[in-house]
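I opened this entry to keep track of what I looked up. Overall figures come first, then a few local spots.

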Amino acid sequence: MTATANSYRTQPDERGHFGQFGGRYVAETLMPLILDLEKEYTAAKADPAFKAEFDDLLEHYVGRPSPLYFAPRLTEELGGAQVWFKRDELNHTGAHKINNCIGQILLAMRMGKTRIIAETGAGQHGVATATVCARFGLPCVVFMGATDVERQKPNVFRMKLLGAEVRPVTAGAGTLKDAMNEALRDWVANVHDTFYIIGTAAGPHPYPELVRDFQSVIGKEARAQMLARTGKLPDLLVAAIGGGSNAIGLFHPFLDDSSVRMLGVEAAGYGLDGDQHAASLAGGRPGILHGNKTYLLQDADGQIVEGHSISAGLDYPGIGPEHAWLKEIGRVDYTYATDQEALDAFQLLCRTEGIIPALEPSHAIAAVKKVAPSMGKDQIILANLCGRGDKDIFSVAEHLGVDL
Amino acid sequence: MSRFEAAFAKGPALVTFVTGGDPTPETTISILDALVDGGADVIELGMPFTDPMADGPAIQAANIRSLGAGTTTADIFHIAARFREKHSNTPLVLMGYANPMVTRGADWFAAQCRKAGVDGVICVDIPPEEDAELGPALRAAGVALIRLATPTTDAARLPAVLDGSSGFLYYVSVAGITGMQQAAQTSIEEAVARLKAQATIPVAVGFGVRTPEQAAAIARVADGVVVGSALVDLVAQHGTAAAAPVRELTAALAAAVHGAR
């Protein structure tokens, strides 16, 4: 679309900043590579062949477009607005993560890179990366916190089946943040042949922009599907946020539709009172980590505080810089859901719609549960069902006190 | 003449790094004394950070030990101020990551540096592209911003790296993290020649330099040699009793560097 002065869709600026957020806070070793990537991405965006290959793989390999689904029994149960879901959990590999991985591996090959690295928390991005590496025959190393390796065993096995090497990271708390540190260390040492497929819309410019662009297929499809099915736009979009890639993918194509409100849902863990949560916007303040300036969970000295969430995919002390900007300018509202609220919402969707959601979108469903009753029956909520819950049944069973 | 100019005027300089607060802030004060006694010409004091992305296992562990001991930013400035009371001539550089440096505002950080007698700052994750975050505040306070150049910094990019930097240029001889293998001597020599053709400030070379022999070889071509992980390893091994072995290694390194030409 054409950029206008009033558009919310023209960020970042040429230096990779979303307002005061974003940027390129990386070691000098990586800087030339980041600039190369930016140049290559700009060329790829203008290349119809790149887009054609991306679209073809999304259709025939990933299974897009994903359905737009009206949830009748959940709507009835909540007794307010109509609840619709964008069914990205039906994608190949079971989450939205694959959209981005397809885009990035095509970029990697354009740049002549022969080795892929990635970080992963819950393992969904690791599985998606391992999948595209198998599809294109590139060696793949996935860094995963040792704690996460332990709590996400099925995904670790999936990655290995797909031919990836999973390297457990024992530094720190052994979760997503530490995996990202280790991936950056590997990248610095292997810049000549290695492409780093970052899993969320964060990191140094141009990652937040390109991940958003690849994930925007979610919002573009949903917007067209909703217009075709109902003749109007949704009143409210809802999506869960860890780094924020599924949310920005849904939100971005709607940002200039002033009638559409948006709600991002952070993970509040055990609640915002202590530090056992992962809500960077609600409980953090701006800082610099992993190549970008954004809201971070940190102490007074700027030391990063470990996040906590029942969902390993939301367990990150930062958030994509575009969300930080959208919060600051007030275009998107942000709220949070606790572990318990997510668990309740998880079970609600299973029971009312026959869909087992991942714990990540269960946070979005928890927010839907709160807001839908206060909205009119002619109003439409569109929530992103960004992943399926097969990977989570063991941890859910444990939380429910069920011995499998 | 600034402390940096004096330190590099005598011939090749030994630049030493230890992590502040490792294993405790009090011990760091005695370790810094040992570095000066041993003959170090420039001191880099690492500011601990929870996420030291450019560091290898040795310095990562040092960061964890320091934060585990409760080291705060106030402790780091206290260590710096104590150092400056005792050692009026040796340049002191704070080295670390952006977030702890800018979290109270760059102006606050620059003012604290000046007050504590810190001569320069190395910030690993603020490249020239993001200079506005910290550079103007440091320059206004008269504190040198020391930038890193790496094997991936080509001739076209080097002027941007040099612009606004002072004190010395830190050449990271390996594309990688701290404490790993040293670069081949020939590649170091080529790189130093390339950098010195454009730089008007001294060029110090670091990453992977552990022994007096390696240090001497680099000192024959560069203005300074940086040793970090080898000293940090001694701190890991000896803890609160690290000052004596640190002094001993520093003396051997200093003799090698100062006698190289």
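**Chain A overall**

I began with the surface. Chain A has an accessible surface of about 13700 Å². Carbon and sulfur atoms account for 52% of that surface. I note that this is a predicted model.

Next I looked up the fold content. Chain A holds 16 helices and 14 strands. I took the box along the principal axes: the C-alpha atoms fill roughly 55 × 55 × 45 Å.

Is chain A in line with a compact globule, or out of line with one? A compact globule of 404 residues would have a radius of gyration near 22 Å. Chain A has 19 Å, so I logged agreement.

I then checked burial and contacts. Of the 404 residues in chain A, 64% are buried. For contacts between residues at least 6 apart in sequence, I found that 73% join residues at least 24 apart.

I have 38 positive and 49 negative side chains in chain A. The centres of the two sets lie 3 Å apart.

**A:Thr170**

I went to the loop between strand E7 (165–169) and helix H8 (176–189) of chain A, where A:Thr170 is found. Is A:Thr170 buried or exposed? Its relative accessible area is 67%, over the 50% cut-off, so I call A:Thr170 exposed.

**Helix H11 of chain B**

I moved to chain B and helix H11 (residues 229–238). Which of its residues are buried? I listed B:Ser229, B:Ala230, B:Leu231, B:Val232, B:Leu234 and B:Val235. These buried residues pack against strands E1 (13–19) and E9 (224–227) of chain B. They also pack against helices H2 (25–38), H3 (57–68) and H12 (243–258) of that chain. B:Gly239 follows H11(B), and its phi is positive, near 55°.

**B:Asp41**

My last stop was B:Asp41, in the loop between H2 and strand E2 (42–46) of chain B. Its relative accessible area is 8%, under the 20% cut-off, so B:Asp41 is buried.

What does the side chain of B:Asp41 reach? I found the backbone nitrogen of B:Leu14 at 2.7 Å. A polar contact of 2.6 Å also joins the side chains of B:Asp41 and B:His258.

I left aside neighbours within four places in sequence and listed the contacts of B:Asp41. Among them are B:Ala7, B:Lys10, B:Pro12, B:Ala13, B:Thr90 and B:Pro91.

Note on methods: Residues are numbered from 1 along each chain as its sequence is written. Chains are lettered from A and ligands numbered from 1 in the order in which they are written. This is a predicted model: local features need pLDDT of at least 70, side-chain atom pairs count only at pLDDT 80 or more; totals for chains, interfaces and linings use all residues. Side-chain values use heavy atoms; hydrogens and water are left out. Helices (H or I, at least four residues) and strands (E, at least two) are DSSP runs, numbered from the N terminus. The radius of gyration is taken over C-alpha atoms; the globule rule is 2.2 Å times the number of residues to the power 0.38. Buried means under 20% relative accessible area, exposed over 50%, partly exposed in between (1.4 Å probe, protein chains only). Contact means heavy atoms within 4.5 Å. Accessible areas come from the Shrake-Rupley method with a 1.4 Å probe; for residues, only the protein chains shown count as cover. Lys and Arg count as positive and Asp and Glu as negative; His and the chain ends are not counted. The place of a charge is taken as NZ of Lys, CZ of Arg, CG of Asp or CD of Glu. A polar contact is a pair of N or O atoms within 3.5 Å; within protein, one must be able to donate a hydrogen and the other to accept it, and residues adjacent in sequence count only if both atoms are side-chain atoms.
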